[in-house]
Amino acid sequence: MIAEGRRILVASNRGPVSFGHDEAGRVVPSRGAGGLVTALSGALAASGGLWIAAAMSEDDRTQAGRPLDVEAGPAGYRVRLLAFDPATYERFYDGISNRVLWFLHHRLWDVPREPTFEGLAGAWAGYLAVNETFARALEEDGRSDARQAFYLVQDYHLALVPSLLRRRIPDAAIAHFSHIPFAGPSGLRILPQPTREALLSGMLGADVVGFQAPAWAENFLLCCRTLRDARVDLRRRIVRWEGREVRVRVYPISIDPGVLREAAASEPVASAARDIRRWAGEQRLLVRVDRAELSKNILRGFLAYEKFLEGNPEWLERIGFLALLNPSRQHLPEYRTYTNECSELAERINGRLGGEGWQPIHLSLKDDHPRALAAYQLYDVLLVNPVFDGMNLVAKEGPVLNERDGVLVLSENAGAFSELGRHALGVNPFDVEATAGAIATAVRMDPSERRRRARALRVAIARNPIDEWVGAQIEDLERVRR
Ligand code: GDG
């Protein structure tokens with residue numbers, strides 16, 4: 001039983017419900033179906049807990065402040081949305097979270113040119129203000145039973161919440177979890193000193209600081225060594241800070257195969273599968289499924305496929321690349337430019353290597369989850385080559401649904417590599433030639449080897465059930481309390 005007698009309070013930027021409006025103009029809720037919602041709902045419902053999140057749209061703002069009830073199985077939990085002044089929220093969300101912290105931890109800057117940090121102080125003030133509001137809301141909602149509450153703070157958006165909450169409730173039980181990678185000391189040194197120290201000391205307000213993979217935990221520990229007053233025990237993964245011991249731990253997030261299979265059994269998925277089969281015909285199928293996101297390394301993926309076709313012309317017209325990209329952060333110029341570059345590169349390759357009746361790359365740029373699930377069922381090779389990625393759930397979802405003993409080509413820099421790398425074909429995501437080589441190895445792999453690897457991937461994924469992620473964090477918090 002998770003967190004017996006304890007209430008769980010979750011804080012994250014994006015919540016488990018969002019609001020839109022129907023044709024009649026009525027505000028209607030929609031439940032988020034993302035991995036985090038699946039991972040947390042059970043524990044929240046079991047503890048009668050509360051999820052605090054930001055109101056991200058105008059419709060969300062109409063629902064802010066009052067408690068909203070969310071059903072989860074037989075029980076349910078409450079959600080509270082926090083509304084912010086739009087300019088402050090923009091500084092927090094784009095100014096710092098998306099454009100500084102996301103870029104920093106995924107190493108997305110073209111460092112000879114960027115960053116220049118113009119306007120950093122103003123943006124940071126917005127980031128601090130939003131983090132303060134979250135800490136205050138957590139305190140207010142947990143106050144009646146502050147000693148009995150477990151606070152689970154999510155991700156880089158809320159890196160300051162642990163220390164801000166600790167100031168309000170000195171003996172609170174707090175865990176912070178980063179869904180993304182963590183830059184090492186030399187990467188972090190790109191940030192001005194006060195900013196990077198605020199970030200580290202913010203996270204060190206927690207009792208438990210969690211990451212998806214050992215490499216990100218190590219990077220965090222190494223960064224903490226740069227703080228004058230921190231004592232870091234690398235072997236035991238403990239940081240002594242302000243008279244407390246902070247445990248740095250690895251909690252690889254998982255997926256729920258049952259929920260995924262149920263979603264894949266729907267008619268929209270069957271219809272998308274028919275569509276893909278029609279397009280592919282007799283060809284083998286190379287698939288990628290990603291947000292149209294800089295860190296996912298889509299350009300090098302296309303270049304690798306081009307190189308593979310050039311080096312192995314017997315595969316022309318015998319393998320098609322289906323790239324399903326869900327548009328993301330299109331209000332940011334970097335993302336619009338990158339998405340355009342992806343389309344242009346696909347067009348160039350199609351123009352060069354394609355011909356009458358055959359296009360090597362089919363690029364789909366839309367939010368179409370059923371199509372992604374259908375593509376998982378049908379791939380012969382799944383390319384997951386992010387430059388850096390906290391975990392990457394596509395690498396776990398694909399093998400669970402795949403029906404063709406498909407081969408996973410997986411970046412060594414995805415968090416998932418530490419769990420799945422042995423059964424995948426690992427690639428250095430920067431090495432286009434090596435990625436082309438991995439595609440060649442995958443398409444030539446003999447059926448028994450494919451079957452063995454596909455099975456091993458499913459076993460490795462099943463070995464880490466989804467409840468484990470939150471369960472292990474709660475156990476560690478309980479240990480700290482004792
Ligand atoms: C962050 C970290 C970490 C796919 N197509 C559509 C769609 N999907 C779903 C997939 C999958 C999810 O989107 C993508 O998950 P990832 O883990 O790959 O990526 P991030 O969004 O970058 O997530 C990551 C994760 O947090 C969890 O901790 O693994 O490392 O970066 O579930 O099935 N969803 C919708 N439309 C699509 O067209 N709505």
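Reader: Hi! Which polar backbone atom is an oxygen atom of the ligand 2.8 Å from?

Author: Hello! That backbone atom belongs to L393. A polar contact here is a pair of N or O atoms within 3.5 Å; within protein, one must be able to donate a hydrogen and the other to accept it, and residues adjacent in sequence count only if both atoms are side-chain atoms. Keep in mind that this is a predicted model, where local features need pLDDT of at least 70, side-chain atom pairs count only at pLDDT 80 or more, and totals for chains, interfaces and linings use all residues. Residues are numbered from 1 along each chain as its sequence is written, and side-chain values use heavy atoms, with hydrogens and water left out.

Reader: How many residues surround the ligand, and which are the closest?

Author: There are 21, and the closest are H179, D367, D368, D389 and E397. H179 has a polar side-chain atom 2.7 Å from an oxygen atom of the ligand.

Reader: What about R291, how far is its polar side-chain atom from a ligand oxygen atom?

Author: For R291 the distance is 2.8 Å. The side chain of R291 also makes a polar contact with the side chain of S328, at 2.9 Å.

Reader: Where is S328 placed, and is S328 buried or exposed?

Author: S328 is in the loop between strand 14 (319-326) and helix 12 (333-353). It counts as buried because its relative accessibility is 8%; buried means under 20% relative accessible area, exposed over 50%, partly exposed in between (1.4 Å probe, protein chains only).

Reader: New topic: how many residues of strand 4 are buried?

Author: In strand 4 (residues 50-54), 5 of its 5 residues are buried. L50, I52 and A54 lie on one side, with W51 and A53 on the other.

Reader: Which strand joins strand 4 by 4 bridges?

Author: That is strand 1 (residues 7-12), which runs parallel to strand 4. Two strands pair if DSSP finds at least two bridges between them. I52 is the bridge partner of A11.

Methods. Helix = DSSP H or I, 4+ residues; strand = E, 2+ residues; numbered from the N terminus. Near = heavy atom within 4 Å.
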